[in-house]
Amino acid sequence: MSGYFIEHTEGKPATVSWELLGEGAKLAKTLGVELCSIVIGEKVNTLQESFCVWRIQSFLIDAPVFHHYRTETFFQGNMLPGGKVKPEILLMGATGMGRDLAGAVATKLNTGLTAGLYRA
């Protein structure tokens, strides 16, 4: 399984989330695995639904504690589906939030992290 984190601000998806959908789909096809997404926030079920039209499995973690981004709470939220799903690759945007969260997740999973890849 290949997964990606849908970054948003109060339910409005970051542009990078749509970009990662395309890249994630390419990687999943290359690896011969399913693509999934994770949405963390408060009252973000409509955000999850907008990405589900692409017919990918999506994990929704929706609670008031996730209204504003905080590393520790989002980190814990990101780890919840990890018990059920073990993606081969997890994509996060090279934004302030994505870089912060990716470092915490990589440390917890004791895995590598490639940050700041840009295409010309």
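Author: Of the 120 residues in the protein chain, 39% count as buried, where buried means under 20% relative accessible area, exposed over 50%, and partly exposed in between (1.4 Å probe, protein chains only). This is a predicted model, in which local features need pLDDT of at least 70 and side-chain atom pairs count only at pLDDT 80 or more, while totals for chains, interfaces and linings use all residues. Residues are numbered from 1 along each chain as its sequence is written, and side-chain values use heavy atoms, with hydrogens and water left out.

The chain has four helices and six strands, taken as DSSP runs numbered from the N terminus (helices H or I, at least four residues; strands E, at least two). Their order from the N terminus is β-β-β-α-β-α-β-α-β-α. Of the contacts (heavy atoms within 4.5 Å) between residues at least 6 apart in sequence, 58% join residues at least 24 apart. The chain exposes about 7,100 Å², of which carbon and sulfur atoms supply 56%; accessible areas come from the Shrake-Rupley method with a 1.4 Å probe, and for residues only the protein chains shown count as cover.

The charged side chains come next. One salt bridge is present in the structure, the term meaning a side-chain nitrogen of Lys or Arg within 4 Å of a carboxyl oxygen of Asp or Glu. Glu-23 and Lys-26 form this bridge, with their closest N and O atoms 3.3 Å apart. Both residues belong to helix α1 (residues 15-31) and are three residues apart, about one turn of the helix. Glu-23 is partly exposed at 26% relative accessible area, and Lys-26 is also partly exposed, at 48%.

Glu-7, in the loop between β1 (2-5) and β2 (8-9), is buried yet has no salt bridge. The nearest side chain of opposite charge is that of Arg-99, 9.3 Å away; Lys and Arg count as positive and Asp and Glu as negative, while His and the chain ends are not counted. The side chain of Glu-7 does make a polar contact of 2.7 Å with that of Thr-95. Such a contact is a pair of N or O atoms within 3.5 Å; within protein, one must be able to donate a hydrogen and the other to accept it, and residues adjacent in sequence count only if both atoms are side-chain atoms. Leaving out residues up to four places away in sequence, Glu-7 touches Pro-13, Ala-14, Val-16, Ser-17, Thr-95, Met-97 and Gly-98.

Another polar contact between side chains, of 2.9 Å, joins Ser-58 and Ser-37. Ser-58 lies in strand β5 and is buried, with a relative accessible area of 17%.
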